[in-house]
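Colleague: Hi! Could you walk me through this one? I'm still new to reading structures.

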Amino acid sequence: MISYSEFCKQHVDAVYVTEAASRSVPGRAAVDRAMAVWPGAVQSIQFRDAVPEHHRNQRTVVIDEVRGNPYGRCPGSNGHLCCNYHTVDLYIGCSIGCTYCIMNGYLNFAPLVVQADTEPVISAIRAAATAHPDRDLRVGSGEVGDSLLLDPVFRLNEEIIQGVADLPNVRYETKTKTDYVDHLLEIDPKGNAVIAFSLNPDPIVSADEGIAAVAADRLSAAARCVDAGYQVAFHFDPIIKTNAFPHDYQVLIEKLAEFPAGAIAWISMGTIRFPPSLKDAFVERPFAREEFVPTQDGKLRYLQPIRREIYSILRSALADATPAPVYMCMESLTLWRRVYGDRPEHLRELRGIFSPFSSGHSGPFRWRSS
Ligand code: SF4
């Protein structure tokens with residue numbers, strides 16, 4: 001991946017700050033940080049939607065106040081087992097440019113939004129964690145944008161890592177396809193923060209993941225995080241079946257054996273899935289020629305026997321490489337039974353991840369099964 005200073009030069013044309021943000025202390029701090037990187041590019045606008053037409057693209061950054069509730073349960077997926085993840089929105093939008101990016105169908109505003117005030121996020125995490133001191137709360141940024149693409153400038157993850165570091169039952173996770181981690185290394189205290197990397201073999205990275213870092217650079221960034229005292233996580237998501245499957249994935253997975261025992265907090269696997277409306281966006285890609293079927297949440301996935309084969313092969317390779325817990329993301333109970341032999345909360349190594357955690361924000365938890 002290009003250096004961070006090159007990314008800032010080549011991929012950001014304009015920065016706007018809304019009136020609401022410029023009235024707040026965190027908003028003004030974010031403006032100062034933006035001015036230090038993009039001097040002369042920062043302009044004021046009344047509100048987020050007032051970005052001029054010619055800057056309504058992913059080369060524009062908008063610093064704004066927090067809109068709505070920035071903390072909540074991962075929406076999960078109807079008919080698929082949920083891993084009790086909670087999400088926070090810090091950076092909304094992304095310019096990495098993955099061909100399969102599901103956000104292309106969800107977000108109706110192209111510029112990258114920085115919700116500069118982390119206080120509501122920290123308060124919400126603290127309230128949920130202290131209400132359930134006996135449970136582990138996994139919460140992460142990265143649901144609606146890459147967690148670290150703009151973070152070396154705005155440093156919102158640092159505020160959150162430090163703001164929840166004293167809570168023993170909080171695992172705060174940042175997720176990225178970049179190797180822009182160096183600003184996180186000196187943070188003290190780190191608490192139980194987990195720095196997570198999506199992983200795919202390089203032929204997929206170069207064809208389908210835009211300007212993302214190649215796998216070796218992500219693994220090298222993960223190693224730096226471990227050296228600095230973090231646990232790391234890896235997400236094989238989306239897994240794409242190419243002619244080189246499973247070889248390319250097995251080669252990548254073997255590299256995880258280089259991480260010391262205990263350094264990897266968890267690993268997830270998720271085969272490619274997308275709403276039918278998104279298929280037009282990547283209809284030219286070779287992987288789009290595979291057969292996909294509608295599943296219970298309306299998304300298209302590989303046929304179940306293919307998913308089962310993919311997960312079984314990768315699970316076995318991962319078990320050979322690392323003792324870290326490995327789970328499937330957004331999969332049906334049927335598939336859990338076929339790949340793991342049981343539902344995840346019955347498996348000793350996954351019980352901690354899949355035990356229900358009621359946040360108080362979204363009603364009681366219920367298992368959904370297919
Ligand atoms: S890194 Fe994630 S959010 Fe960014 S373009 Fe790729 S899939 Fe979308």
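Modeller: Happy to! Let's start with two strands that run parallel: β1 is joined to β2, residues 42-45, by 4 bridges. Keep in mind that this is a predicted model.

Colleague: Which residue stands opposite S44 of β2 there?

Modeller: That's V17, which faces S44 in β2.

Colleague: And how many bridges pair β1 with β3?

Modeller: There are 4 bridges between β1 and β3, and the pairing is parallel. β3 covers residues 60-64. In β3, T60 is the residue opposite A14.

Colleague: Nice. How many of the residues in β1 are buried?

Modeller: 4 of the 5 are buried, so-called "mostly covered" for a strand spanning residues 14-18.

Colleague: Switching topic: which residues are around the ligand?

Modeller: You'll find C94, I96, G97, C98, C101, M103, G145, D146 and K177 around the ligand.

Colleague: How does that shell split by class?

Modeller: The shell has 5 nonpolar residues, along with 2 polar and 2 charged ones.

Colleague: Now Y340. Where is that found?

Modeller: Y340 belongs to helix α12, which covers residues 333-340.

Colleague: Why does Y340 count as buried?

Modeller: Y340 counts as buried because 20 C-beta neighbours lie inside 10 Å, and the cut-off for buried is 20 or more.

Colleague: And how far apart in space are Y340 and M1?

Modeller: From C-alpha to C-alpha, Y340 and M1 are 36 Å apart. Along the sequence, 339 residues separate Y340 and M1.

Colleague: Thanks, that helps a lot!

Notes:
Residues are numbered from 1 along each chain as its sequence is written. This is a predicted model: local features need pLDDT of at least 70, side-chain atom pairs count only at pLDDT 80 or more; totals for chains, interfaces and linings use all residues. A residue is near a molecule or strand if its C-beta atom, placed from the backbone, lies within 6 Å of it. Ala, Val, Leu, Ile, Met, Phe, Trp, Tyr, Cys and Pro count as nonpolar, Asp, Glu, Lys and Arg as charged, and the others, Gly among them, as polar. A residue is buried if 20 or more other C-beta atoms lie within 10 Å of its own, exposed if 12 or fewer, and partly exposed in between; C-beta atoms are placed from the backbone. Two strands pair if DSSP finds at least two bridges between them.
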